[in-house]
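Here are my notes on the packing and the aromatic contacts. Please read them with the model open.

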Amino acid sequence: MRVSASMAIRILMCLLCSVAMPTTVGAPLVDSAEVVNFRLSANEERTRVVFDLTGSVDHALFTLKSPERVVIDIENVSLRTALQVDTDRKALLRNIRNAPRNGNDLRIVLDLNESVTPKSFLLRPQGDSGYRLVIDLFKQNEASSSKPLVKAVPESDKLRDVVIAIDAGHGGKDPGASGHRGTLEKDIALAIARELARRVKTERGMRPVLIRDGDYYMGLRERIEKAREYKADLFISIHADAFHDKDARGSSVYALSLRGASSEAAEWLANRENASELIGGVSLNDKDDIVASVLLDLSQTATIQASLDVGSEVLNQLGQHNKLHRGHVQQAGFMVLKSPDIPSILVETAFISNPAEERKLTSTKHQTKIADAILQGVKRYFSRKPPRGTLFAHENNLRQESNRLSAVNL
């Protein structure tokens, strides 16, 4: 079946917009938390139960019948306050009970006078308020009361990691640039890439993929294809710049240029019968020339914009540890940036041709600073524009929910 150009545009625009849509609930603990207060409010639509906490918690929520109950299991938490229901609040909530569970966990049971549909979410600290676990109990009408309620699965169990493809430039027979002391770009790029991967691995909700993890040659397209095989959310290529003027210095970040995108589009369209699927599972191989061109153009435009965005965050962080060669993200037609559906940046960490910067690049301490700057920039970007279904999307959704409810005076 042939798809019209206008229909194809609408399909891909929906797919592109869905990448940054957030979903999610719950965040794992680092230390044990305490329930320090319990509050209750009610209106005609729902009864709200709020537990004030000293830290973040994971929780599960499910319902039981005959009699009607809502059960809340909270992990790694203790109770510092008594849980009691005021007599004037018993219209829906009849009683509240609690007991330790599995040693370090807490089970809270809400005894009810009728069936409810529960909803829960965790609010992060804001203003004078700390962490709050909020349980909303919505009354069921006759049409919905006969429908079985399903046990709520902690949303943290459903979330995927953001995948960061880390590419150490050059390698093997391609040493890249060299410094006055004989330092090779391929070695510096690999050392920083490995350090960045180590740091990404320690971040909850992120997973690194090293494109090159040794001193061997890899073709530029091979690097792109490997990132796409791992379904990377971001591609970062690490390099060390060089120039005939040894005084040239500073860090730079590049994204793909429009000219580079145009040349890559021609390549993809010429070989689209072998093309892998684009973002959202849209393939080019069954589309006519006009539709394929429009789809690819839309995908590349969105990807370049995302690359410039994340590149700006990384550049700002690099500027805290090293002089910047340019104060903005530059654009060029680098082959490794040409994936049409993966935001991609190339980081020139410093000028290896500059003796002072060459010495810094060989320092483990400086390599760690560079890796950390890149990581912080990436985290700042994904905190604002998280891929759908990831922990970052969960955190983003949680912040939005907290802001929305901040005026409710929980």
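Is Phe 392 buried or exposed? Phe 392 has a relative accessible area of 10%, so this residue counts as buried. Bear in mind that the model is predicted.

1. Phe 392 has a ring partner. The ring centres of Phe 382 and Phe 392 lie 6.1 Å apart. Their planes meet at 55°, so the pair is tilted. Phe 382 is buried too, because its relative accessibility is 2%, under the 20% cut-off.

2. The pair joins distant parts of the chain. Phe 382 belongs to helix H8, and Phe 392 to helix H9 (residues 391–405). Ten residues separate the two. The structure has four aromatic pairs.

3. Now the main core. The largest nonpolar core counts 58 residues. Ile 164, Ile 236, Ile 238 and Ile 374 have the most contacts inside it. Helices and strands both contribute: among the elements that each supply at least two residues are strand E10 (162–168), helix H3 (185–201), helix H6 (289–318) and helix H8 (364–384).

4. Ile 164 deserves a look. Leaving aside residues up to four places away in sequence, its contacts include Val 200, Met 206, Val 209, Leu 234 and Ile 236. Val 378 and Phe 382 are also among them.

5. The charged end of Lys 173 sits over the Tyr 217 ring, 4.8 Å from the ring centre.

Key
Residues numbered from 1 in each chain as written. Predicted model: local features only at pLDDT ≥ 70, side-chain atom pairs only at ≥ 80, totals over all residues. Heavy atoms only, no water. Core = buried A, V, L, I, M, F, W, Y, C linked by side-chain atoms within 4.5 Å. Buried < 20%, exposed > 50% of the residue type's maximum accessible area, 1.4 Å probe, protein only. Helix = DSSP H or I, 4+ residues; strand = E, 2+ residues; numbered from the N terminus. Contact = heavy atoms within 4.5 Å. Phe/Tyr/Trp six-rings, centres within 6.5 Å; stacked < 30°, edge-to-face > 60°. Lys NZ or Arg CZ within 6 Å of the ring centre and 35° of its normal.
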